Amino acid sequence: MVAVARETRTMSMKDALNEALRIAMREDPNVILLGEDIAGGADVDHLINEDAWGGPMGVTKNLVQEFGRNRVLDTPITEAGFIGAAVGAAATGLRPVAELMYVDFFGCCMDQIFDQGAKLRYMFGGKAKCPLVIRTQIGAGVNAAAQHSGCHYSVFTHMPGIKTVIPSNPADAKGLLLSAIRDDDLVMFFENKVLYGVRGEVPDGDEGIPLGKGDIKRAGDDVTIVAISRMVNQSLTAAKTLSGEGIEVEIIDPRTLSPLDEDMILSSVEKTHRLVIVDEDNPRCSAAADIAAMVADKGFDLLDAPIKMVTAPHTPVPFSPPLEQVYVPSPEKIAETVREIV
Amino acid sequence: MTTSLPDRERLLDAYTRMVEIRTFEDAAGKNFADGLVPGFVHLYAGEEAVAVGICSHLTDDDFITSTHRGHGHCIAKGVDIHGMVAELMGKSTGVCHGKGGSMHIADVDKGMLGANGIVGAGLPLACGAALTAKIRGNGAVSVSFFGDGASNQGTFHEALNLAAIWKLPVIFVCENNGYAEATPASYAVSVGDIANRAAAYDIPGIIVDGLDFFSVYEAAGAAVDRARSGQGPTLIEAKTYRFYGHFQGDTITYRTDEEVSRYRDRDPITGLRTFLVDHDLATSGELDAIDKKVNEALARSWDDAKAAPWPAVEDALTNVYVSY
């Protein structure tokens, strides 16, 4: 692909997401936002057309001023109700972007996502579609403990009818969210809370990043690392240490898990003959296990060493800071695992 | 109630739809027993006045959500019966090309957002369809049909609250047929009248006789008018009865023969027929002719569906995504 120079600005992932929402809402009046406190202060007299919060993390800040409360809808705490309403609105012509505050809350609304939104097109013989994006926070790192810190994108990647998008930096967040909103299928969009404040160069304009295309975050010849979300950053840190030891890792960010850029992963393994997958989600039946199985199946002859996974343990996320710290795959652990197979 | 009675043409149309539902369901039951219909089948016979009484007020621009007992809602909403028969058999000519079957039968072009295998799942979806109508300001409404069992699901309560605070143009229609599968509503529901649950959400809760077309029609007209004019949702509880069991194959040990025959004596189709004849709106001969026409058309549909091809095996992999 020919790289086209685009103007960029430095901004946080939170602001990049906000910009994507604003662009999408300007270009299509069918795009609406709904979620808990996404404007904040609905019906509070002095906030009639202002937001107090813009969502608990501020991702939707200032959107209500431009688009009004008919398009930026504060919902009650009623996940089955408003996620279900978002599915119904999507099936009848709108393009809602719903905010599920934390992915851990999916238990409250999974039927509406999985049995309704994800299956309706199939069940109806292709006659309907569900152009819905559900944005949700993931990730440990702020001591939010077991019910506000999970990743769980593997659960949704498992399910036919759902696309799963997991950006690792501000530029990807903007481009992927634009594509997700323009996409005609149900997209789960996972935002790592630890990355909201991380700043990076973000291209101007309204160009989306295609879903299903991974990105090589660092080129290298010795070991392929497939890293998801925040684990890209952890792996980049590990890569510096390893480089000092003469080991050059290639870091692939799949960016979307469903669909998955299998070709990019296999091409890299063809070069390095070694694979480590770094994933903050729990390890059983996970994206990491899925990618490992895919490479074992389609790329067995390319491998010179066992496939390794660096993941969270098979536990809920612990609260206490030192415990949470060992829960999340660290650069040290990633480096150690890479050393094991070179 | 301000809704006036429907004119002759509309009444005959309603009669026809009710006969279509009954004929469809009787045949579905028989053909299920004969092994022609795979899977689960839940029949709507006995409840026809509810679907038809409500949907008589709707157009193709209005959306409905339905239940596992959804054939009647489909027919009342205008879904092609010929394609429905084929869908029940899993044939490629089915309205969902054999991908949905009895429990997921749908046609969004007719405003039919699907039968549903999950009890209570349709209520939030109907809120979403109503939200689309409200945001577009197109005057459309949505209707969610559900049973007494669904009124105990969280989605019922979440949907009523959401519709109430957003004043959504939606009508919640509880078809209380007395039983959630085998469990009586008198045991499982905390209130005698489910309509009373509307009070918790400060919306109107209306009880109608679900075996009487006019009772349903009148209340539905008022609720639809209210929704179309931006005054928000209504809960209608239709006291009704299913003539068959929960599903075909149900031994129905939980109901007495006496109870079943008491309700069968109040057959809603007989009721409407008697009204039409007594008020000189139609002769018995005219109504017999409608019955015959419906019977013949449905018999042709079954013959055609039997002869229709199965879906191609490759079709199992399509329609998961718009693009992937």
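Two strands are taken to pair if DSSP finds at least two bridges between them. Helices (H or I, at least four residues) and strands (E, at least two) are DSSP runs, numbered from the N terminus. The model is a predicted one: local features need pLDDT of at least 70, side-chain atom pairs count only at pLDDT 80 or more, and totals for chains, interfaces and linings use all residues. Residues are numbered from 1 along each chain as its sequence is written, chains are lettered from A and ligands numbered from 1 in the order in which they are written, and side-chain values use heavy atoms, with hydrogens and water left out.

In chain A, strand E4 (residues 95-102) and strand E5 pair in the parallel sense over 5 bridges. Leu100(A) stands opposite Thr136(A) in E5(A). E5(A) also runs parallel to strand E7 (residues 186-192) of chain A, to which 6 bridges join it. Here Gln137(A) faces Glu191(A) in E7(A) as its opposite residue. Ile134(A) likewise stands opposite Met188(A) in E7(A).

These strands belong to an open sheet of 7 strands in chain A, ordered E3-E2-E4-E5-E7-E6-E12, with mixed pairing. Strand E3 (72-74) and strand E12 (256-258) of chain A are the edge strands, and each pairs on one side only. From one strand to the next, the twist averages 20°. Axes are lines fitted to C-alpha atoms, for helices over the stretch in contact, and angles run from 0 to 180 degrees between N-to-C directions. Contact means heavy atoms within 4.5 Å. Helix H7 (residues 170-182) of chain A packs on the sheet, touching strand E2 (31-35), E4, E5, strand E6 (162-165), E7 and E12 of chain A. The direction of H7(A) makes about 160° with that of E7(A).

Strand E5 (residues 133-138) of chain A is mostly covered, with 6 of its 6 residues buried (under 20% relative accessible area; exposed is over 50%, partly exposed in between; 1.4 Å probe, protein chains only). In a regular strand the side chains alternate between the two faces of the sheet. Val133(A), Arg135(A) and Gln137(A) point one way from E5(A), while Ile134(A), Thr136(A) and Ile138(A) point the other way.

Chain A is divided into domain 1 (8-203) and domain 2 (215-341), with bounds from an automatic or database domain assignment. The centres of these two domains of chain A, taken over C-alpha atoms, are separated by 27 Å. Across the boundary, 29 residues of domain 1 of chain A are in contact with 28 residues of domain 2 of chain A.

Chain B holds an open sheet of 5 strands in the order E1-E2-E3-E7-E6, with parallel pairing. Strand E1 (63-65) and strand E6 (205-209) of chain B stand at the edges, each with a single partner strand, so one side of each is left without a neighbour in the sheet. Neighbouring strands of this sheet are turned by 20° against each other on average, direction ignored. E6(B) pairs with strand E7 (residues 234-239) of chain B in the parallel sense over 5 bridges. Gly205(B) stands opposite Leu235(B) in E7(B). Helix H8 (residues 213-228) of chain B packs on the sheet and touches E3, E6 and E7 of chain B. Helix H5 (residues 122-136) of chain B lies across E1, strand E2 (142-147) and strand E3 (170-176) of chain B, running at about 175° to E2(B).

A nonpolar core is a set of buried Ala, Val, Leu, Ile, Met, Phe, Trp, Tyr and Cys residues joined through side-chain atoms within 4.5 Å. The largest such core has 158 residues, and those with the most contacts inside it are Ile113(A), Phe172(B) and Phe213(B). Helix H1 (residues 8-33) of chain B gives the most to this core, with 10 residues. Leaving aside neighbours within four places in sequence, the contacts of Phe213(B) include Pro6(B), Leu11(B), Met18(B), Val52(B) and Leu272(B). A second, separate core of 31 residues includes Ala20(A), Leu63(A), Val64(A) and Val97(A).

A search of the whole structure finds 0 disulfides (pairs of cysteine sulfur atoms within 2.5 Å) over all chains. The sulfur of Cys96(B) is 8.0 Å from the closest cysteine sulfur, in Cys74(B), too far for a bond. Cys127(B) is in no disulfide, and the nearest cysteine sulfur, in Cys109(A), is 15 Å away. Cys127(B) counts as buried, at 0% relative accessibility.
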